[in-house]
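Please have the sequence and the model at hand.

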Amino acid sequence: MKNPIFQAIHLYREREQRKWREENLEVISRIRSESFGANTEHLTYVHILDLHKDGVIKPHIDSIRYCGDVITGVSLLSDAIMRLRHQNQKDDLIVDLLMPRRSLYRLGGAGRYEFTHEVLGTTESVWHGKNIPRDRRISIICRDLPKSANRQPDSELVLKPIPEEM
């Protein structure tokens, strides 16, 4: 069964990265130390999402089967607007967040489980009445391990890197 998040993203490339150069590993370690508790177990692979300038991430809540309590990432190359919308009060509880390039974002708690999140397209990317120009955006996303109770019985979560020839 396909992960539903992949149906939510349009005009993108992605990969899962496990090995990093030492200077990049320092940055990944800093992201993790700023976003997670001290004894957190992390997914082995870091998710790299390359979103085309006309790409969007539609509203979704990441499955608890594929990641744990926190989703955190660094937004690179372009500013973007992330919209959070309450899953049950879609028209009443909406928050737009400006994510400047090089910013760290973190979704946890109610923001992780009760709100959908999306990255708006060019025409919708407005912050305090000002259009936020969109360009290609790369996110380096770290996640903690899903709780074992959320995994399907007798199945092991297996993450594989995406072939480089894509």
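Q: How many cavities of 30 Å³ or more does a search of the whole structure find?
A: This is a predicted model, in which local features need pLDDT of at least 70 and side-chain atom pairs count only at pLDDT 80 or more, while totals for chains, interfaces and linings use all residues. Residues are numbered from 1 along each chain as its sequence is written, and side-chain values use heavy atoms, with hydrogens and water left out. A cavity is a set of points, on a 1 Å grid over the protein atoms alone, where a 1.4 Å probe fits but cannot get out. With the cut-off at 30 Å³ or more, the search of the whole structure finds one.

Q: What is the volume of the largest cavity?
A: Grid points are joined across faces, edges and corners, and the volume is the space filled by probe spheres set on the points. For the largest cavity this gives about 150 Å³.

Q: Which residues that line the largest cavity are the closest to its centre?
A: Lining residues have an atom within 4 Å of a point. Strands (DSSP runs of E, at least two residues, numbered from the N terminus) contribute as follows: β2 (46-60), β6 (103-107), β7 (115-119) and β10 (137-143) each supply at least two residues of the lining. Of the 17 lining residues, the closest to the centre are Leu49, Ile57, Tyr105, His117 and Ile141.

Q: Which residues touch the most other members of the largest nonpolar core?
A: A nonpolar core is a set of buried Ala, Val, Leu, Ile, Met, Phe, Trp, Tyr and Cys residues joined through side-chain atoms within 4.5 Å. The largest has 15 residues, and those touching the most other members are Ile57, Met82, Met99 and Val119.

Q: Is Leu51 buried or exposed?
A: Leu51 lies in strand β2. Buried means under 20% relative accessible area and exposed over 50%, with a 1.4 Å probe and protein chains only. Because its relative accessible area is 1%, Leu51 is buried.

Q: How many disulfides does a search of the whole structure find?
A: Cys67 has a relative accessible area of 2% and is buried, and Cys142, at 1%, also counts as buried. A disulfide is a pair of cysteine sulfur atoms within 2.5 Å. The number found in the whole structure is zero.

How values were computed
1 Å grid on protein atoms, 1.4 Å probe; cavity = no way out; pocket = protein on both sides within 12 Å on 5 of 7 lines; lining within 4 Å. Helix = DSSP H or I, 4+ residues; strand = E, 2+ residues; numbered from the N terminus.
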